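Here is a colleague's note to read alongside the structure.

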Amino acid sequence: MELFTNQVLAGIATGAIYACMALAVVMIYQAIDHLNFAQGEMAMFSTFISWQLMQWGLSYWVAFLITLVLSFVAGIAIERILFKPLAKAPVLTNVAGFIALFAIINSSAGLIWDFTIKQYPTPFGSAPFLGSQLISTHQAGMIGVTVLLLLGLYFFFQYTRIGLAMRAAASVPESARLVGINTSWMIALGWGMATAIGSIAGMLIAPVVFLEPNMMGGVLIYGFAAAVLGGLTSPFGAVVGGFLVGIFENLAGTYIPGVGNELKLPIALALIISVLVVKPAGLFGRHIVKRV
Amino acid sequence: MSAVEDVVTEAPAVEAVPKRAMTLGTGTSVVVLLLLLVVPVFAKNFVIFQLTQLLYLGLAVLALNILTGGSGQFSLGQSAFYGIGAYITAVMMEQFNIPYFLCLPVAGVLCFGVGFLFGQPALRLSGVYLALATFALATAMPQLLKLNFLEKWTGGVQGLVVTKPDAPFGLKMSQDMWLYYFTLVVVLAIYIFSVNLLRSRSGRAFMAIRDNEIAASAMGVNVALYKTLAFGVSAGITGVAGGLSAIAVQFVAPDSFTITLAIQLFLGMVVGGVGWLPGSIIGAAFIIFVPNIAEGISKGLSGAVFGVLLFLVIYLVPHGARQVAILGQQFASRLRKN
C-alpha cells in the first residue's frame, strides 16, 4: 500500500509537467480549433530566452516576467504574420504550417544555443518537500503554479469581458462577429496566451528534463495525451488529465511487468487511442454534433 | 462550458480534387516513362541509387496521397507502416533466406492488415484527432521495434544488415541498376493499380467520404468499411515502399523510422499536390534534394531554411506541383493560340 501511495504521489509530481503543457495545448485548440504541433518547440525557445536573460545577470523572477511578456508578444506576432493568411485554408495546410514552424524554431535554437545540455535553475529549491523523499520542493512548486494558473484562467474566462468575448469567438464566430467582437484579434490573443502558458510550462519543466533544443519531444506527446484525456475543449480537464496521465504512467511502470522506460511512449500512444475510441470528447469535453 | 452542445457544419478537411485531375494524360505518361527507362543507362551508380530512392519514397508519398487525397483522412504515422514493411522484408531475407521478390508482397499484405486494424479506432476520428493518433503511433514505433523479445529477429538497437541482390538470369548489370529497374517495375505496377482503384467504385466511395462523410453515408456508402480500407491500402503500399528501401539501403534500424520520416512523407504530399498522384514523385524529389540545398545555403540553419521553403510553398502554390503543372499547361495552350 505504501508503494502505491508513493507512486501516486510521484505521478502527481510528473503529472504537473504534463498538466502545464496540456493547458497550453487546450488554450490554442480553443482559439483556433487546431492542435499546434510546434507548441513544444515554442515553449523550448521561450525557456532558452529566459536562460539567456539569466546568463546576462538578471534574477530568476525578472527573467521569468520578461520571458512571459516576450512570449505573449511573439505568439501574437506568429499568428498575425504566419497563420492569419491560412485561416480559411484546409486543416491540412495548417498542419503543414505547424510542421514548418517546428523545423524553423528547433533549428534556430540549435544554432543560437547549440545542442549541449544545460542546467536550468529552479526558484523553489530541490530539497525534499515536507520531509517526503518523493516530491521535491520544485515539484511541489510546479503543482502549485499549475493550480494557480488554472484558477487564473478560470476567472479570466468566467468573469472578464474579454474572456467572455474569447469564448464567444471560439464557439460561434459568426454570431460573435455580429455582436461586435473582433474575432480575428481574439484568435491572436489566444495564440499569445497559449505561448505565454507554454513558456511557463517550459521554465518549470527545464530543471527536471534539462535545457536543450529537443527537450519537449516526449513532453509534448504526453501533453497531447493529457489534453485528449481531459477533453480538448476544457482547460480544467486538461489539468486533471495531466495529473491522471502522470499517475497512470508511474503505476504502469511499477505494476505492469516489462514496462520500463523504453515503453513510455507506446503507453502514451495506447492511452491516446483508447481515450479517443472510448470517449472521444474526453472526460470533461463538450460533445460536438455534426450536420451536413 | 461542458453542457453546451455545438452544431457545427464542418468544412472538408481536404479540398476536393476532380477525378480526372488526379493523373497525367497518356502523352505525358509515355514521355515520363521513357525518361525513367532511359536515364539510368547514362548515369553513375550513385545517381542511380538516388533515382531508386526517389522511386520508393515517391511510392510512399503516393500511398499517403491515396489516403488523404482520396479518402480525406490524415496520417502523420506513415513512418510506422514504412518501418514495419522494411523490417518484415529484412527479417525474411536475412533470418529465413527468402528471396527478396517474395518478401515484398508479404510485407505489403501484412502492412495492409496492420493498417486495416489501426484503421478501426481511427474510424471514429477525423481531422486533427486522426493526425494526433497517427502522430503518436509514429513516435512510439522506434521503441516498439527495439523491444527485447523481438531482438532475436530484429537485432534490437543495432538493426539488421541486408544483402543487396544481384541481377538475375546472368544479366550484365550493376546491382544498383538492376535494383532500379526492379523498383521501377514494382512502382509502375502499384501506380497503375492506384489509378484504377481511384477510378473504380471504391475510389468513388473514398472521394464521396472525403467531400462529405454524412452525405456519403446517406447515399449508402459503407463509411466504416471504406475508411478502414483506405487506411489498409495506404499502409500496404507504404509497407512495400519500406521493403524496397530496406533492400536499397541494405540496412534497417529502429531509428531510421522516426516521426521525422513521417513528417517528410507528409511534406512530400503537400509539395506534390494533395490528390495528384504523379505529384508524389515531385514531392519525393523535394524531400530528398531540398534538405541538401538547404544545407548548402546554411549548414546550421538547414531545418530553418527547410521550414521557410515549406511556408513559401503553402503561400505561393497551396496546391503544390499540381498547380504549377496546370499553370504551365494554360501557358502552353495560350502560346499555341497566338
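The points below go from confidence, through the record, to helix packing.

1. **Ground rules.** This is a predicted model, in which local features need pLDDT of at least 70 and side-chain atom pairs count only at pLDDT 80 or more, while totals for chains, interfaces and linings use all residues. Residues are numbered from 1 along each chain as its sequence is written, and chains are lettered from A and ligands numbered from 1 in the order in which they are written.

2. **Overall confidence.** The model scores ipTM 0.77 and pTM 0.82. Chain A has a mean pLDDT of 83, with 93% of its residues at 70 or more; pLDDT is the predictor's confidence in each residue, from 0 to 100. For chain B the mean is 81, and 90% of residues reach 70 or more.

3. **Where to be careful.** In chain A, strand E3 (residues 288-291) has the lowest mean confidence, 60, and H3(A) the highest, 91. Helices (H or I, at least four residues) and strands (E, at least two) are DSSP runs, numbered from the N terminus. In chain B, the lowest mean, 44, belongs to strand E1 (residues 6-9), and the highest, 90, to helix H10 (residues 223-249). Residues 1-9 of chain B have pLDDT below 50, and beyond near neighbours in sequence this stretch has 18 contacts in the model. Two residues are in contact if their C-beta atoms, placed from the backbone, lie within 7 Å.

4. **What the record says.** An unreviewed UniProt entry places "transmembrane region" in chain A at residues 12-32, 58-79, 91-113, 133-157, 185-209 and 265-285. For chain B, the unreviewed UniProt entry lists spans including 98-118 and 301-318. UniProt positions are given in the numbering used here, feature names are shortened, and annotations may be inferred rather than shown by experiment.

5. **Checking those spans.** How much of residues 12-32 of chain A is helix? The span is 100% helix and 0% strand, and its end C-alpha atoms lie 30 Å apart. Residues 58-79 of chain A are 91% helix, with ends 29 Å apart. In chain B, residues 98-118 are 90% helix and their end C-alpha atoms are 28 Å apart, while residues 301-318 are 83% helix with a 24 Å end-to-end separation.

6. **A pair across chains.** Look at H4(A) (residues 91-113) and H13(B) (residues 302-316): their axes come within 7 Å and cross at roughly 155°. Because of that angle, H4(A) is roughly antiparallel to H13(B); under 35 degrees counts as roughly parallel, over 145 as roughly antiparallel, 65 to 115 as roughly perpendicular and the rest as oblique. Axes are lines fitted to C-alpha atoms, for helices over the stretch in contact, and angles run from 0 to 180 degrees between N-to-C directions. The crossing is left-handed, meaning the near helix is turned anticlockwise from the far one by less than a right angle; clockwise is right-handed. Among the residues that meet are Gly97(A) and Ala100(A) in H4(A), and Gly307(B) and Phe311(B) in H13(B). The contact divides into 11 nonpolar, eight polar and no charged residues. Here Ala, Val, Leu, Ile, Met, Phe, Trp, Tyr, Cys and Pro count as nonpolar, Asp, Glu, Lys and Arg as charged, and the others, Gly among them, as polar.

7. **A pair within chain A.** H3(A) (residues 60-83) and H8(A) (residues 183-209) have axes that come within 7 Å and cross at roughly 140°, so H3(A) is oblique to H8(A). This crossing is right-handed. Glu79(A) and Arg80(A) are among the contact residues of H3(A), and Trp191(A) is one of those from H8(A). By class there are 12 nonpolar, six polar and two charged residues.

8. **A pair within chain B.** H3(B) (residues 78-95) and H4(B) (residues 100-122) pack at about 145°, with axes 9 Å apart, in a right-handed crossing. The residues that meet include Met92(B) in H3(B) and Cys103(B) in H4(B).
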